[in-house]
Amino acid sequence: MKGVLIRLSQRVIWGVIMVFVTASFTFFLVRMMPGNPVDAKYNQLVMQGLTPVQAMNKVRVMYGFIPHEPLWQQYIHYLNQIAHMNLGQSISYEGVPVLHLILTAAPWTIILVLTGLVASFIVGVLAGVIAAIKRSSPVGSAISLSGSLLHGIPQFVMGLFLAYVFTTLWVLLPFGAPYNAELTPGLNGPFISSLIRHAILPVATYALSSYGGWLLTMKSSVITVLGDDFILAAEVRGLKMGTRVRYIAHNAILPLFTIFALSIGFMLGGSLFIENIFDYPGLGNLLLHAINSRDYPLMSGAFLLITVSVILSNIATDFLYSVVDPRIRR
Amino acid sequence: MSVENKVEDFSTPIGVHVRNLSVVYETNQGQIPAVNHVDLDIAAGEITGIIGESGSGKSTLAMALMNSVSKPGRITNGSVIVDGIGDMLKISNERQRRVRGKQIGFVFQAAQNSLNPLSRIGHQVLDLGRSHQVGDLRSLLRHARDLLIRLGMDADRVLMSYQHELSGGMRQRVGIMFALVLDARVVILDESTTALDMLSQASVLEIVRELHQERGLTIVLITHDMGVVADLADRIVVMYGGELAEEGPTEDLLRQPQHPYTRGLIRAIPRISGNPDEAIALNGSPPDLQTFAQSGCLFYDRCPDRIAECQAGRPIYKEISDGKKVACYKVDRRD
Amino acid sequence: MALPASKLDPPVNQLVVSKSNPSFWTSSWRIIVKKPGRVIGFIIILLYIFMGLFGPMLYPKQLPIDPNAIYAPISWKYPLGTDFEGTSNLALVITGARYVLFAAFMAAIFTVVFGTVLGLVSGYFLGFSDSVIMRITDFILTIPSFPLLVVLSTVWNFGQPVAMGFVLGITGWGGLARAVRSQTLSLRERGFIEAARSLGLSPMHILMREILPNVGSYIAMNLLLTITGSIYAEVGLFFLGVVPFQVNNWGVMLNLAVFSAGAMSSAQALPYLLSPMLALLILTLGIVLFLDAVDEMFNPRLKEV
């Protein structure tokens with residue numbers, strides 16, 4: 001257990017460093033931007049009739065640092081603000097704290113991504129096992145091909161396709177918005193069923209776009225494990241089929257943990273498309289909105305939160321991995 | 001698994017009878033006959049040593065005894081009759097499974113890797129027990145503990161360990177425990193002690209001998225080490241190129257080896273007491289696809305005593321005296 | 001001494017035929033024609049290369065518009081229909097291929113160069129350089145690359161395909177670097193590097209002549225996978241509209257079809273949406289089918305079989 005804790009704390013330290021680097025990256029990105037949006041905002045406020053002091057204060061609240069200060073002082077200010085969980089104020093939603101905006105948006109993204117991830121993981125892993133066991137039969141090749149092809153289809157094509165087929169061509173499911181706006185949000189039946197009905201297509205898009213990856217990885221992992229000596233030994237010792245399958249599955253699934261975190265990053269990237277196509281008020285849409293409206297504090301905040309989610313899931317999967325694999329526990 | 005039954009079980013050792021068994025390996029260059037029309041009786045309650053170079057087909061033969069030849073190998077022909085059970089190649093898959101592990105224990109060449117790396121040894125003993133309908137799992141664990149102690153290990157620690165926490169030699173002994181814990185009547189040891197150092201090899205073999213005497217086990221000892229079989233086996237079977245070259249009672253075979261290959265093997269044993277220069281390595285290399293395609297004796301290319309006849313056809317494996325068999329034209333001539 | 005003359009006799013059965021070593025191209029060709037799927041994949045890829053190289057030359061610089069054929073249905077004159085101005089969708093797809101494919105090609109080149117060099121250096125020299133490079137690789141792999149691209153689009157001018165390719169390359173080399181490193185490490189474990197060193201070969205020679213060929217399969221596979229990945233990323237950027245439209249390409253078509261032409265709800269604009277999608281899907285299919293052949297071409301283990 002001690003080994004696990006040491007490993008965990010190493011990961012946490014590394015995660016903090018990554019957050020720091022990401023925050024610095026967005027800071028310099030915005031400062032180095034052509035036309036310097038910080039100074040531009042300040043000038044604009046002065047033009048609107050604010051005194052330089054007022055304008056300065058306003059800009060500071062937005063960005064977390066004061067224009068006209070030397071760069072390194074701005075940087076220190078900015079990091080200090082972030083350390084206190086203050087990500088500045090949005091420009092497009094005037095006066096609203098960035099943290100508030102991203103925390104409101106985050107659940108929409110996280111719930112959809114996690115549901116899609118779990119669904120694709122279960123189906124993909126099972127299909128991968130079948131594809132590996134039946135790899136020399138037509139069934140196996142068909143499953144593998146389905147994996148390669150779905151793996152190859154970009155998320156936006158998948159999303160557009162599903163949206164078109166199930167909402168336009170064959171009006172089966174609602175399109176756009178996370179729920180029917182006529183219903184009152186709350187714990188009532190119609191609202192919840194509307195939520196679920198609206199979520200089916202985006203979740204399916206997430207799931208289908210990562211299904212192939214799980215399938216192909218699981219397939220090759222199972223094939224590797226099938227060649228291991230201990231599986232032959234289990235057969236020669238007359239272990240039951242069920243027990244042997246359990247041995248194989250347990251050993252084969254471990255390598256998938258390492259790509260779990262990567263896949264969360266991939267899915268969060270996909271949220272930009274999927275939330276855009278299905279009009280969900282999640283993080284992806286927020287980031288897009290921020291970029292289109294040149295709302296840089298919001299952009300930095302949303303990007304930071306997406307990165308932090310990936311880092312956290314990285315740490316979580318790494319922790320889980322060291323729990324399920326005794327070889328790492330030392 | 002009832003304790004009372006054990007005594008009864010031990011009184012009737014089980015023999016294995018191989019008839020006309022053939023195994024081929026499918027490769028791109030063609031079929032390699034790994035085991036070629038082999039007839040062999042493994043006598044009940046005896047230790048039979050099967051010896052040969054690597055690639056002689058002895059491990060494949062061992063796997064074929066349990067009908068567990070793995071791809072690309074395939075049993076094409078023959079039967080393996082186990083006393084009281086029937087033909088391993090014909091009985092239902094479920095019965096085969098129950099025989100494996102329960103009646104026939106197998107210790108691997110790579111027994112270091114024969115354990116599930118993600119599960120504690122004790123759990124794997126329980127998995128084994130559940131697979132073979134052992135009612136009293138607690139006594140099974142106790143049995144495993146006793147065996148581990150006999151094999152010279154800290155049994156409680158081992159049962160709580162994962163594979164990676166044990167050394168290579170310890171894993172090998174754990175592999176032996178797995179083969180014995182269900183009181184198998186036939187135990188096949190496939191190069192199981194080769195990876196061990198000399199001292200542990202000797203102690204493990206000593207334990208095998210003890211268990212054999214106590215329980216009347218039928219043991220098949222597969223090795224390339226003439227010293228090991230000479231020390232332990234009641235009978236020795238010499239394999240070459242997937243075929244049997246010679247067999248006979250240990251003493252006889254060592255004293256009067258008939259087949260030139262057997263003689264070569266014996267000469268190749270270095271003796272600690274003697275002059276190391278007397279040990280003579282066997283020349284040439286084991287048969288390859290080309291050799292199998294030739295019509296003559298498989299050993300022809302390497303044989304110091306070959307005669308014209310040897311190139312014409314394969315010698316027939318037949319009995320030359322009571323309990324002794326050999327496949328060699330030169331021996332036939334001498335008679 | 002006991003080695004008989006028969007060893008020298010001509011083999012009775014020529015099971016082991018050692019063919020004269022065929023050149024890389026002939027053996028590659030043989031591998032491709034082995035399966036029909038590979039041939040189809042190869043043809044599709046050739047077609048796209050052709051489209052990227054010569055596509056824009058087939059049409060006038062300013063594609064003709066036809067006010068009488070706005071959203072025209074599929075016909076002989078307009079095999080894929082027309083867009084909101086009455087321009088042939090087929091012409092749009094063909095002329096739009098160059099930017100997309102060229103940028104993806106550049107991205108693949110950058111990825112392979114960064115990934116291979118860093119992976120080799122990391123796995124060969126180990127020690128300090130290895131830990132630094134691997135930390136950076138971890139970082140690159142962890143930061144979600146598409147959101148990063150979107151954020152970068154605020155400062156970076158993606159108008160030039162090379163610029164697009166460079167950014168895609170610099171954000172995407174992590175996986176390859178890791179694969180090359182682990183392959184180098186496994187060669188090291190097998191005593192490969194030690195043996196080469198003891199022969200007095202220089203590190204440069206060992207890296208270039210001994211190790212590089214052994215990681216060839218990873219590089220070739222990655223080259224193709226990076227090309228598809230990059231195409232999706234750039235088309236995605238244009239689709240989302242975060243990159244200004246300077247040239248016509250598939251992503252721009254998708255964006256206009258969905259967000260301006262309302263192709264999701266109006267059936268007449270559907271061909272405009274489907275044309276670039278079709279272009280993407282056929283290319284994906286081609287690459288998936290061809291990857292199989294690439295695997296065999298470069299994977300020495302598969303080759304022997």
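Modeller: In chain A, 16 residues of domain 1 are in contact with 15 residues of domain 2. The model is predicted.

Colleague: What makes residues of domain 1 and domain 2 of chain A count as being in contact?

Modeller: Two residues qualify if their C-beta atoms, placed from the backbone, lie within 7 Å. By that criterion, 16 residues of domain 1 face 15 residues of domain 2 of chain A. Domain 1 covers residues 2–83 and domain 2 covers 98–329, and their C-alpha centres lie 33 Å apart.

Colleague: Which elements of chain A give two or more residues to the side of domain 1 that touches domain 2?

Modeller: They are helix 1 (2–32) and helix 3 (52–63) of chain A. Helix 1 of chain A gives the most, with 13 residues.

Colleague: How many residues on that side of domain 1 of chain A are nonpolar, polar and charged?

Modeller: The side of domain 1 that touches domain 2 of chain A holds 10 nonpolar, four polar and two charged residues. Gly counts as polar in this division.

Colleague: What is the secondary structure pattern of chain A along the sequence?

Modeller: Chain A reads α-α-α-α-α-α-α-α-α-α-α-α, with 12 helices and zero strands. Its C-alpha trace spans about 85 × 55 × 40 Å along the principal axes.

Colleague: What makes a residue of chain A count as buried, and what percentage does so?

Modeller: A residue is buried if 20 or more other C-beta atoms lie within 10 Å of its own. In chain B, buried residues make up 44% of the 335.

Colleague: How many residues of chain C are in contact with chain A, and which helices of chain C supply at least two residues each?

Modeller: 26 residues of chain C are in contact with 35 residues of chain A. Helix 4 (127–142), helix 5 (145–152), helix 10 (216–240) and helix 12 (270–298) of chain C each supply at least two residues of that side. By class, the side of chain C that touches chain A has 19 nonpolar, seven polar and no charged residues.

Colleague: Why does the radius of gyration of chain B agree with that of a compact globule?

Modeller: For 335 residues, a compact globule would have a radius of gyration near 20 Å; chain B has 21 Å, and therefore the two agree. The C-alpha trace of chain B spans about 65 × 50 × 40 Å along its principal axes.

Colleague: How do you know that strand 1 and strand 2 of chain B pair?

Modeller: Pairing requires at least two bridges between the strands. Nine bridges join strand 1 (residues 16–27) to strand 2 (residues 30–42) of chain B, and the two strands run antiparallel; by that criterion they are therefore paired. One of the positions concerned is B:His17, whose bridge partner is B:Asp41, while B:Glu26 stands opposite B:Gln31. The two strands of chain B form a hairpin with two residues between them.

Colleague: Why are strand 2 and strand 5 of chain B said to stand at the edges?

Modeller: The open sheet of chain B has four strands in the order 2-1-4-5, with antiparallel pairing. Strand 2 and strand 5 (86–87) of chain B each have a single partner strand, so one side of each is left without a neighbour in the sheet.

Colleague: Where does helix 2 of chain B lie?

Modeller: Helix 2 (residues 58–65) of chain B lies across strand 1, strand 2 and strand 4 (73–82) of chain B, at about 65° to strand 2.

Notes:
Residues are numbered from 1 along each chain as its sequence is written. Chains are lettered from A and ligands numbered from 1 in the order in which they are written. This is a predicted model: local features need pLDDT of at least 70, side-chain atom pairs count only at pLDDT 80 or more; totals for chains, interfaces and linings use all residues. Domain bounds come from an automatic or database domain assignment. The radius of gyration is taken over C-alpha atoms; the globule rule is 2.2 Å times the number of residues to the power 0.38. A residue is buried if 20 or more other C-beta atoms lie within 10 Å of its own, exposed if 12 or fewer, and partly exposed in between; C-beta atoms are placed from the backbone. Axes are lines fitted to C-alpha atoms, for helices over the stretch in contact, and angles run from 0 to 180 degrees between N-to-C directions.
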